[in-house]
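This report describes the packing of a protein chain for a reader new to it. The sequence and the model are shown first.

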Amino acid sequence: MSLPQPRLVAGRRAVRKVLEALPVGSVVVVGCSGGADSLALAACVAHETSGPRAGRQLVVRAVVVDHGMQASSAEVARDAAAACERLGLTARVVRVDVGTDGGPEAAARAARYAALEGVLDAEVAAAGAPGGVVLVGHTRDDQAETVLLGLARGAGARSLAGMRAERGRLRRPFLDLTRADTEGVCAELGLDVWHDPTNVPTPDGGGPRRSLVRRRVLPVLEDVLGPGVPAALARTAEQLREDDDALTGLAADLLARAAGGPQDEGYDVATLAAAPAAVRRRALRAAAVQAGSLAGALTRTHVLALDALLVAWRGQGAVPLPGRVEGTRSCGRLVLHARSAGTPAP
């Protein structure tokens, strides 16, 4: 008689919801590091796409990204790929070069997602598939950490809304599950889990910020405020995500109205200035990004400086923005364009 596997059942149910929405023949790329979250994800996908459920005719590939940031990274990547193969998935290792933009964690994340999307593109083309998705194993605990990190940065609703279950071709089936759930899946299946050494703070109290939040901040919050803090933070993110979607839509409509005019470039100042501040400033941020400003480097200070061109106009000069873009006011229009050579960066 087999032992009950409630965690596996919950994980499979979450994965099934994503897979059943895909057209027949779609490609599914599963990102796996060998850690509990991603290995549980790979296991649930394997269970949902084998045996009787293989009739979905999905092309499933497990991809292990080797960032090359630790001495043993190649060995860890090979072991993770082998674990995926034992689960019945075709697996491969992709080595990436990690840049420096935004710090090591952000750069590694950017390289990882680019590699996963690259494999997806190649597999879709090779299979003549109608499309596909990338699955990653973020959990509710990861969501709570993301919200706390956003709070520490003084970020707005967009950042505090956390990670989305769907973003483009990216899917996060486990956002409603906990880290204990994914560890439980691995335990129920007897899987050997890799424990990332960077997730443990160093003796001097250092380490990646997310790891410090996980190991030191969240336990203190739960000790002081009681259990359930990660779930409460995840609920907050969900509510803010709804607000963010509504405000983003209003901002897009505002920009469309302000851009009206036969041959005028830029946006009508009066139209923008008449809008509520929350919608107006979100519209300004979107306009700056559309003009080529770097979204990751564009701060509230930059947006407020643009806003001052609309509602606190005293003849001030151009507002420099990240990405060699600047905003100017001229003849009742707000214009965002490439910054001239020699203009200092903000």
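Apart from neighbours within four places in sequence, Val-30 is in contact (heavy atoms within 4.5 Å) with Leu-41, Ala-42, Val-45, Val-60, Arg-61, Ala-62, Val-63 and Leu-135. The model is predicted: local features need pLDDT of at least 70 and side-chain atom pairs count only at pLDDT 80 or more, while totals for chains, interfaces and linings use all residues. Residues are numbered from 1 along each chain as its sequence is written, and side-chain values use heavy atoms, with hydrogens and water left out.

Because five of the five residues of strand 1 are buried, the strand is largely enclosed by the rest of the structure. Buried means under 20% relative accessible area, exposed over 50%, and partly exposed in between, with a 1.4 Å probe and protein chains only. In a regular strand, side chains alternate between the two faces of the sheet. Here Val-28 and Val-30 point one way, and Val-27, Val-29 and Gly-31 the other.

Strand 1 pairs with two strands, where pairing requires that DSSP finds at least two bridges.

| Strand pair | Sense and bridges | Bridge partners |
|---|---|---|
| Strand 1 and strand 2 | parallel, five bridges | Gly-31 and Val-63 |
| Strand 1 and strand 4 | parallel, four bridges | Val-29 and Val-134 |

The largest nonpolar core has 34 residues, and those with the most contacts inside it are Val-28, Val-30, Leu-135 and Phe-174. Such a core is a set of buried Ala, Val, Leu, Ile, Met, Phe, Trp, Tyr and Cys residues joined through side-chain atoms within 4.5 Å. Helix 2 provides the largest share, eight residues. A second, separate core of 23 residues includes Val-279, Leu-284, Val-303 and Leu-336.

The structure holds zero disulfides, a disulfide being a pair of cysteine sulfur atoms within 2.5 Å. The sulfur of Cys-84 has its closest cysteine sulfur in Cys-32, at 3.6 Å, too far for a bond. For Cys-186 the closest is in Cys-44, at 8.6 Å, also too far. Cys-84 is buried at 0% relative accessibility, and Cys-186 is buried at 1%.

UniProt, in an unreviewed entry, places the feature "domain: tRNA(Ile)-lysidine synthase substrate-binding" at residues 268-325. The end C-alpha atoms of this span lie 19 Å apart, and the span is 53% helix and 9% strand. UniProt positions follow the numbering used here, feature names are shortened, and annotations may be inferred rather than shown by experiment.
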